[in-house]
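Good morning, colleagues. Please look at the structure on the screen while I go through a few of its parts.

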Amino acid sequence: MGMADFPYIYPLLSPFSSTQKPSSSTHHPSSLSLSLSLQPTMPEAPKKSFKATGHDYCLAEKNKKALQFIEDVTTNADQVQKRVLAEILTRNAHVEYLHRHGLGGHTDRDTFKKLMPVITYEDLQPDITRIANGDTSLILCSNPISEFLTSSGTSGGERKLMPTIEEELERRSLLYSLLMPVMSQSVQGLEKGKGMYFLFIKSEAKTPGGLVARPVLTSYYKSSHFRERPYDPYTNYTSPNETILCPDSYQSMYSQMLCGLVQNKEVLRVGAVFASGFIRAIRFLEKHWTLLCRDIRTGTIDQQITDPSVREAVMRVLKPDPKLADFVEGECRKESWQGIITRLWPNTKYVDVIVTGTMSQYIPTLDYYSNGLPLVCTMYASSECYFGVNLNPLCKPSEVSYTLIPTMAYFEFLPVHRNNGTNSISVPKSLNDKEQQDLVDLVDVKLGQEYELVVTTYAGLYRYRVGDVLRVAGFKNKAPQFNFVCRKNVVLSIDSDKTDEVELQAAVKNAVNHLMPFDATLTEYTSYADTTTIPGHYVLYWELSLRGSTPIPPSVFEDCCLTVEESLNSVYRQGRVSDKSIGPLEMKIVESGTFDKLMDYAISLGASINQYKTPRCVKFAPIIELLNSRVVSNYFSPKCPKWIPGHKQWCNKN
């Protein structure tokens with residue numbers, strides 16, 4: 001999703017309308033100016049501003065220019081990539097990191113590939129730590145690091161910190177501005193109504209050196225690019241900015257839902273970042289529709305909404321409307337909530353959410369609530385970099401492919417292979433010199449082949465392994481289009497959390513200590529991301545060997561659940577504590593012999609008995625049914641794990 005880290009394929013925001021041209025740096029032409037040199041007419045400031053009615057808005061011309069830009073940069077993909085790399089290396093020629101590897105001012109691809117190592121976050125961590133602690137020397141980038149973007153991927157249990165620079169907001173804005181021109185080719189008339197998007201900010205922290213560390217979307221929503229965006233019919237949302245920027249998740253969700261209901265006839269598209277977030281919004285409506293209807297009926301706001309700016313913003317759209325209140329109440333009272341989206345927002349044309357990667361598990365629920373409306377994934381991006389757009393947005397979720405826009409960064413691709421027998425993806429942890437030099441360029445990838453994405457960015461990442469595995473699905477001119485296959489090593493994910501096998505194993509090992517006084521040991525285990533509940537939650541299946549005579553009390557199993565949660569990374573714990581996007585972890589104890597049955601079943605489907613390993617995560621419905629049929633007891637985590645914003649070591653320093 002690197003929605004990304006999970007490929008963040010974000011909602012349709014295009015803050016750079018043609019009223020506002022991105023300003024490029026005086027000393028360093030940004031990639032925007034590079035891209036504009038290929039297509040001089042790409043969004044330029046018109047001679048006059050227009051009224052908020054949008055009547056004078058030359059939408060067709062703006063869309064045409066955006067589509068022509070895509071045409072130009074994909075046709076000249078290799079030339080653009082070459083110039084992007086040269087530009088990044090020229091402007092950063094004097095930074096410490098490039099000196100360390102002996103680049104010596106070279107800007108050509110061959111020298112770059114020969115001298116610069118392919119790296120992971122752990123390789124970069126000492127430099128990141130220096131910047132976080134306040135070192136302002138030119139370590140990674142010639143431009144000042146403006147803030148850190150916190151990734152939903154983790155290292156050592158803490159969010160990764162991605163350095164960014166001020167001008168990256170312009171680059172992101174450029175990509176956003178391409179989304180609706182592409183969408184308008186498939187769906188007509190979107191400028192005539194509004195989008196109902198549930199968008200939220202998350203908590204932020206300060207590094208010891210005083211830089212802000214926060215998720216990429218929080219950074220974007222708080223920036224002037226979003227808050228002060230000029231009038232554009234494509235960024236006309238039902239949610240006032242104040243409701244999106246409210247840090248209290250309940251008040252934010254309540255006020256956004258209220259505004260969405262009040263403007264229900266104007267809504268033409270609905271969405272959130274992740275599918276899981278949109279489903280949580282529908283569940284919120286299920287729980288709170290009586291309060292919302294009362295507010296619509298009386299034209300007042302519930303007293304639990306205490307933020308003055310939110311109350312003021314909502315009151316600008318809220319008027320007493322008993323007829324609408326009766327309508328909403330009538331629909332919500334019905335036993336079935338099937339098609340509730342099209343019932344309450346009858347003009348909705350599509351649902352705009354991430355449904356690729358692990359989010360595909362939510363497709364049946366979305367289909368149920370939306371009466372099978374198109375599920376649209378528009379964009380592929382991550383904390384490290386914004387990558388590309390979906391040029392066929394109405395395709396089936398299983399067929400989504402993203403065209404990488406060559407101006408965004410310099411892209412390389414590490415071939416990955418499938419293991420015989422298990423079909424699991426094999427990605428080498430470290431690369432030898434030849435493998436480092438043999439990374440494939442953007443225009444040289446092969447149809448059907450799978451690759452791990454490697455990026456060199458304007459903000460100071462050089463040959464950085466993003467961790468996303470992509471498959472080449474086709475080409476737009478010379479630029480490849482990729483299916484998102486998976487996030488490397490992730491076994492469990494509910495929302496933006498990502499838990500890998502090593503982390504799960506360590507958490508289970510910690511929890512098993514609670515069983516020692518009862519002379520019980522863990523024979524085998526697996527896990528499952530249960531999204532039938534809202535919010536979804538992790539489920540562990542444990543098979544035990546009981547040698548002691550003392551029965552194990554339920555409280556001990558509950559302690560096991562909590563210990564697992566306490567051992568998981570900070571993104572998971574934030575989802576439990578702050579975002580409320582993940583429910584309490586559940587442990588199911590299964591009968592003795594269950595995992596033998598699981599192996600028998602896998603072998604009956606063709607698995608090799610010699611190569612069989614117990615899967616640490618299961619997704620296949622018949623296997624989940626088999627496990628559930630042998631559950632003897634189940635337990636939930638009794639409370640939330642501990643979580644605080646920022647990294648543990650910062651809090652210790654403060």
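A residue is called buried under 20% relative accessible area, exposed over 50%, and partly exposed in between, with a 1.4 Å probe and protein chains only. This is a predicted model, in which local features need pLDDT of at least 70 and side-chain atom pairs count only at pLDDT 80 or more, while totals for chains, interfaces and linings use all residues. Residues are numbered from 1 along each chain as its sequence is written, and side-chain values use heavy atoms, with hydrogens and water left out.

I begin with D110, which is exposed at a relative accessible area of 63%. D110 lies in helix α5, residues 109-115; helices (H or I, at least four residues) and strands (E, at least two) are DSSP runs, numbered from the N terminus. Although 327 residues separate D110 and Q437 along the chain, their C-alpha atoms are 8.3 Å apart.

Next, is Q263 buried or exposed? Q263 is buried, with a relative accessible area of 5%. Its place is the loop between α11 (249-262) and β6 (267-274). Leaving aside residues up to four places away in sequence, Q263 touches K194, T238 and V317, where contact means heavy atoms within 4.5 Å.

Finally, I turn to helix α16, residues 363-370, whose buried residues are I363, L366, Y369 and S370. These residues lie on the same side of α16 because they cover an arc of only 130° around the axis, the arc being that of the directions from the helix axis to the C-beta atoms. Among the elements covering them are α12 (275-298) and β7 (350-354). After α16 comes N371, with a positive phi near 60°.
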